[in-house]
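Please walk through this structure one region at a time.

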Amino acid sequence: MTSPTSPETPPAADAAALALQAELPAAIADGQLRVHYQQIVAAGTHRVVGVEALVRWQHPQRGLLGPGAFVPLAEGTPTMVALTTWVLQQAAAQCAAWRAAGHDVGVSVNLSAALVQHPDLLDTVRAVLAEHRLEPGVLTLEVTETALLADPLGAAAVLAALRAAGARVSLDDFGTGYTSLTMLRQLEVDELKIDRTFVAAAAQAPVDAAIVRALVDLAHRLSMEVVAEGVEDARTAERVRALGADVLQGYHFARPVPAEDVFTTVTGGPVDYPGARVSGPVPAPRPADEGERVELAHRVLGTTTASQGLLRRLTALAAGLLGAEFASFNVVTREHVHLLAPHGHDFTRVRRDGTPCAWAVLQHDVLEVDCAEDHRTAGGEIAASGVRHYVGVPVLDALGRVLGVLCVYDRGPLVLDDARREQLRLLAGVLADHLEGVDAAGQLDRVQAILQATAEVDRADGEAGVADVLARAVHDLTRPDFTVLVGRPAGDERWQVVDHFGEAPAAVEGAEYDVDARSAVARAIATRRPVWVPDARTSSVVDGALAQRWGAAAVLTVPVVAADGARYVLSQCWRRPQPDLSVVLRDAATAAASYAAHALTARSLSAAADSAPAALPGPRSA
């Protein structure tokens, strides 16, 4: 007798799968596939920093099919190559369009195991990056651990080549496969995505929380970013943030949606913004955790009495950054907004509804509002007082909870560019440290000094002057044992030390860097991101021989990236391992480098217009 599940009579499910497998090539050609995108957010601010591209099939008879219904059927067949290439093209084109529209996001695309070893993969990635003019580090290619097992050495070479071509590499579903630590050391990977099974359980199970913490620490020591995927609720988001994850992804923030819907909702829970003007201000929504938020707000109010001196220095500095008339640190309770350390006015409390702060606590990032025109604030007390333009930066604790809002506002327009946004975030970080019991007064003095150095950058003579001002300011900020400035002297393509500060050893004079090598400087140039190495002895991204020769145990490497690419790299070196460097100070160094990069770009454009190229400094003589 023939069994109902024997090959002679395949089950209906198998027959349906075979039918889908046969239809898939034509579906790709006929345009039946769709790409949906899921937001990826920064753990501390919940700001959208990227999206993951996820394919769907709009089947003419079966409706919208998820990837689980058809992607496994394409594995191991030529269709998988065509499918991935199509998704890669669509995602890159959409990312380029978003970036052109002002959304500073990257896009992640999954690579199957078969694609990792496909001979055309590298050329395809290079062509896509070139066609859509995506900068290095914007496109992330996700591979699973199982994709590396068949040929670990070959896969490592492919990943290195993809990174050299300008893509980031992410190791997906980490923790569920069989990657050994030895194998992990051999891989050039920018990001680890901790599998959702550990993430989901981290808020309830101490064992899983310990695993997440260990994976985070491992990744950070290898200078990799950590993504926690499968974040389904606020409790899990707070827990994995506290455990050190850098980036979060999951239904708590957003579900996969078509491209046109990606930036129409607020992350961290749905918030509806009424689209039509109504009479009077629009009451801000009350999120599900409103009770906890209000309780925390009252605790903050009870701890700031003795902090008025520091708060007033912060609000005055915030107003000065934007040239604004007014500033304050605002705490939002259930019915009111309390204005602490007011600068330029004497308001101490206003009704919650109609204030931009009531909306800023929902944003988790910088909020800009025209108080007279925006339907959320028109008719409120702030607009009635004559204030027109408002900028608010939420102050977040280590769990990502809003402690208050650092606010700057004026009767006239405010100029807010990327550099000033970062500087305001720095001040918010100093305030968060203080409210959480960290002695922020010393940090504030150092941050204030580096913000004042931006004026010196504007006055600096030539690119050499900009670089010199920047390097000295960052050295004074982070206070390492010594700082080296790496650049390319005029007429020379080699990267080498062009200046140094502090107690630098003689070995740094004119030292050259191989940008293809596995070093912090090379990684900073390739990824255009800072690299923090607390202990060079246990890190794979620092040239061990060079670190030993220089006597550098901990290193903070910050690139200065102008419009035409990396111009300089600053490396701050400590002779002893560092348990950590304040996030505020690291962010301040990055913000200063960003400001200098803007200055260098402006000078390059001016020099090109005058047909007089600017010169980079040469190596400093011994």
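Two strands are said to pair if DSSP finds at least two bridges between them. Helices (H or I, at least four residues) and strands (E, at least two) are DSSP runs, numbered from the N terminus. The model is predicted, so local features need pLDDT of at least 70 and side-chain atom pairs count only at pLDDT 80 or more, while totals for chains, interfaces and linings use all residues. Residues are numbered from 1 along each chain as its sequence is written, and side-chain values use heavy atoms, with hydrogens and water left out.

Begin with strand S2, residues 48-59. Of its 12 residues, 10 are buried, where buried means under 20% relative accessible area, exposed over 50%, and partly exposed in between (1.4 Å probe, protein chains only). Which strands pair with S2? Strand S1 (residues 33-42) pairs with S2 in the antiparallel sense over nine bridges, and Ile40 has Gly50 in S2 as its bridge partner. The two strands form a hairpin with five residues between them. In that turn, His46 has a positive phi of about 65°. Strand S3 (residues 63-65) also runs antiparallel to S2, with three bridges joining them. Here Gln58 stands opposite Leu64 in S3, and the hairpin from S2 to S3 passes through three residues. With strand S4 (residues 106-110) the sense is parallel, and S2 pairs with S4 over three bridges. Val51 has Val107 in S4 as its bridge partner.

Val558 stands opposite Leu570 in S22.

Now turn to a pair of helices. The axes of helix H3 (residues 78-100) and helix H5 (residues 121-132) come within 9 Å and cross at roughly 25°. The two helices are therefore roughly parallel to each other (angles under 35 degrees count as roughly parallel, over 145 as roughly antiparallel, 65 to 115 as roughly perpendicular and the rest as oblique). H3 contributes Thr85, Leu88, Gln89, Ala92, Ala93 and Ala96 to the contact, and H5 contributes Thr124, Val125, Val128, Glu131 and His132; contact means heavy atoms within 4.5 Å.

Two single residues remain. Most residues other than glycine have a negative phi. Ala341 is not a glycine, yet its phi is positive, at about 50°. Ala341 is found in strand S12 (residues 336-343). Is Ala341 buried or exposed? Ala341 counts as buried because its relative accessibility is 1%. Arg479 has a positive phi of about 55°, and is not a glycine. Arg479 is found in the loop between helix H18 (462-478) and S17, and is exposed, with a relative accessible area of 53%.

Technical notes: Axes fitted to C-alpha atoms, helices over the stretch in contact; angles between N-to-C directions.
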